[in-house]
Each structure stands twice: as C-alpha cells, then as structure tokens.
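This report covers strand pairing, the surroundings of the ligand and aromatic pairs. The sequence and structure come first.

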Amino acid sequence: MAEHLMNTYKPLPVTFDHGEGVYLFDDKGERYLDALCGIAVCGLGHAHPAVSNAICEQSKRLLHTSNLYQISQQDRLADALCKVAGMDRVFFGNSGAEANEAALKLARLSGHQKGIDSPQVIVTEGSFHGRTLATLTATGNRKIQAGFEPLMPGFLRAPYNDLDAIRTIASNSPNVVAIFAEPITGEGGIRIPDDNYLVELRALCDEHGWLLMLDEIQTGMGRTGRWFAHQHADIQPDVMTLAKALGNGVPIGACLARGSAAEVFKPGNHGSTFGGNPLSTSAALAVLNSIQDDDLVNRAEQLGSRILDGFKAKLGDTEGVTSIRGRGLMLGIELDRPCGELMQTALGRNLLINVTADTVVRLLPPLILTDEQADRIVIDVSQLILDFLGSNS
Ligand SMILES: Cc1ncc(COP(=O)(O)O)c(C=O)c1O
C-alpha cells in the first residue's frame, strides 16, 4: 500500500471513514473513542454541524481569490480573533509552521528596523515549532534537526523553564530581538512551566526591549481552559501563533501581533497565495463562534479537572507512573519507561491516544465531550496503562 507516497510517515493500520463528535468510524464500521482529535486539531469534534455548514455554504459561493483582493471573511476573522486575544493585527497562513515562519520573520524585521543587522531569537530546549528550515532550527529537539544541517543562524537556545539561562543570554547578547516559546510544551511532553515563568519572560522582554512571542499552536483556542494558555499567567505576548484547532481540520494558521509589533510588516514583506482564503477563514469563524456560543473554554477547564482528578485517583499510587499533569484538555501521564507501543495497543481497544517524548501518554480530546465520555477516557486509558505496566514490570 501507498508505494507512491513519500516515506515520511509510519501510519497505524487503520483507515477512518467518517467521524461524529468524539467518535471516529473505520472503513469496517468499527467505532473508536478519539482522545487525540487529530493532534489537537478537531477541538469541536468530528463533523461539527456549524463548521460543516460554513464550509458547504462558502464552497458554493467562492473558494479563493488571492490576497490581491480584499477578503471580507478574513477581515471578520481577524476582528474576532483580535477581540478574544487582545491583539491588534493578524497574518493568515495555512499551517503552524507557516504561522511561526511569519513570527520569526517579523522578529528579524523588527530587529533590522532598530538597526540590528544580525538579529537573534531565544528559543527553548524541548520545544517543537515545525518542520520548515527556520522552524526546525527553532525547535529544541536534535532528532527533528538531524540531517538538515546547516541550520539557520540567528537562534540562541536556553533550557525550558530556566529564567537564569535567559538572564545570562541577556547580559552577553546585544542582538537579541525576541523570545519564542510554547506556554506549555506539546510534542515535548506536556511540560507545564513554573507559575512565574511567563510572567518573568514578559518582564525580561520589557526590560530589554525584546518581543515576547508565544507559540500557541497546540495550546490555543480553548484547549487549556483559557482561550490561550498564556492567559493563565495573566500576561500578554507581543506576538502569538495559532493553527491546529483554529480551523477544526481546515488548514489555517495565524500570526497575531500587538502594539509596535503589529506595525512591523509592510506590503511586500510577507505573503501567501492561499493564506486567509474565503474557505479557511469561513471555517475558522464558525469554529470561533461555536467555542464562544457553547462556552467551551470554561467547559475545557471543567472537563480537564474531572479527567485529571480521575487519573490521579486511578493511577496516582501506581508504580511506574512518574507524573500526571495537565491544563484543561491538554493532559500527560508520564511513565518511567518508553511506551510508544501504547498507541497501537490503544487502537486495538478502539481508543485513540498518543505517546510523545518517548514516555508521556498524551491526551488531547475534543472540547465537546460529555461527562460520561470524559469518564470513559479515564477508565480506558488507566486500564491501558495498568495493563502495560503489569506486563512490562
Ligand atoms: C507547538 C507547535 N508549533 C508548531 C507546530 C507545527 O504545526 P504544523 O504541523 O501545522 O506546521 C506544531 C505541530 O505539532 C506544534 O505543536
């Protein structure tokens, strides 16, 4: 099978045919509980009526015109996003990596506008920012970078959640223009930094005139129980990137900026053929309205506490489970050993989960779960882990 596809993925042996809410159905009609939702993409679950309708209606009118012309859906989405995010302007692309490319270009350009010819961006270990050359360089994971050298210049790396390392960089590096980080690492293993981390990063950026740029591609759009994860720390970034759940499966990415950062790009500095086209922006508007109308941000917080408490009750004293953590519906259960095989074992039990950073079972279920479905995830995932630890001890 798939002999003409480039050999970039190793898909599990299942083909999904359709979905409905939190469930996926394979081509034999088997039903699966989806606690991953396409890696934090389908926050509203599968085949959400508001999103399906928006796509259908828009596709009958107009799919694409290019950014040579005004696009009213793009304007409306930018207005709505800026309102919930407290930002001023948005650039739309088609993916997370592209949103991050826009942020990194914005940072460099802001440096040049201040007379810094070789601007540098501080990035963190254990981060994931994408697979393009700039974003894989920004990513703090050698496995993602290996074989693609030479990496791009202009990056300085600090351990995640280490403020002293950033202070040391600050005193040695006059060309820094920005810090770029995830508020909670996703691919890096659901690492939640100390409560003061983002607050102090904000203060350091203010002190040194740097931009605080947050990658909320995985954490954004309600997932952590706030519209955006940085809102837990009550701070405001200068630049924020979004993708994943923004389109609920329709490819779209966004780079939002505020204050002087929002004025850096001028016509001709950046662009995209497809970015912000009528189809993707109509879908994202429907997503944003549905999250708002159904109060899903608060719901994510409630569901997250319910699931986290459930796991702590079932697995808290289990030998082999080293940490149970999460914010809203971004949850990780860390084991004392590699457990990548659990994805396939779970599939055999009609359950979709993920394992990241080798030892962390990652759950990113949709925000539309019922309490019963949330409890089912706790029961099924706990049993999966208990069985695994029992047979691997
Ligand atoms: C935090 C973060 N940034 C960026 C990306 C890259 O997004 P994409 O795969 O849409 O390019 C991801 C994808 O997993 C991500 O989790």
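In which sense do E2 and strand E3 pair, and over how many bridges?

## Basis

This is a predicted model, in which local features need pLDDT of at least 70 and side-chain atom pairs count only at pLDDT 80 or more, while totals for chains, interfaces and linings use all residues. Residues are numbered from 1 along each chain as its sequence is written, and side-chain values use heavy atoms, with hydrogens and water left out.

E2 and strand E3 (residues 31–34) pair in the antiparallel sense over three bridges. Strands count as paired if DSSP finds at least two bridges between them; helices (H or I, at least four residues) and strands (E, at least two) are DSSP runs, numbered from the N terminus. Leu24 is opposite Tyr32 in E3. The hairpin of E2 and E3 has four residues between the strands, and Gly29 in the turn has a positive phi of about 90°.

Strand E1 (residues 16–20) is also antiparallel to E2, with four bridges joining them. Phe16 faces Asp26 in E2. Two residues lie between the strands of this hairpin, where Gly21 has a positive phi near 60°.

In a regular strand, side chains alternate between the two faces of the sheet. In E2 (residues 23–26), Tyr23 and Phe25 point one way and Leu24 and Asp26 the other, and all are buried (under 20% relative accessible area; exposed is over 50%, partly exposed in between; 1.4 Å probe, protein chains only).

## Ligand surroundings

The ligand has 13 residues around it, with Gly96, Ala97, Asp215, Gln218 and Lys244 coming nearest (a residue is near if one of its heavy atoms lies within 4 Å). Helix H4 (residues 96–113) gives the most to this shell, with three residues.

A backbone N or O atom of Gly96 is 2.8 Å from an oxygen atom of the ligand, and for Ala97 a backbone N or O atom is also 2.8 Å from a ligand oxygen. For Glu187, a polar side-chain atom is 3.5 Å from an oxygen atom of the ligand. The ligand alone exposes 390 Å², of which the protein buries 80% (Shrake-Rupley method, 1.4 Å probe).

## Aromatic pairs

There are three aromatic pairs (Phe, Tyr and Trp rings, using the six-membered ring of Trp, with centres within 6.5 Å; planes under 30 degrees apart are stacked, over 60 edge-to-face, the rest tilted). Tyr160 and Tyr197 are edge-to-face because their planes are at 70°, with ring centres 5.4 Å apart. Tyr160 lies in the loop between strand E6 (155–158) and helix H7 (163–172) and Tyr197 in helix H8 (residues 197–208), so the pair ties together parts 37 residues apart in sequence.

Technical notes: A polar contact is a pair of N or O atoms within 3.5 Å; within protein, one must be able to donate a hydrogen and the other to accept it, and residues adjacent in sequence count only if both atoms are side-chain atoms.
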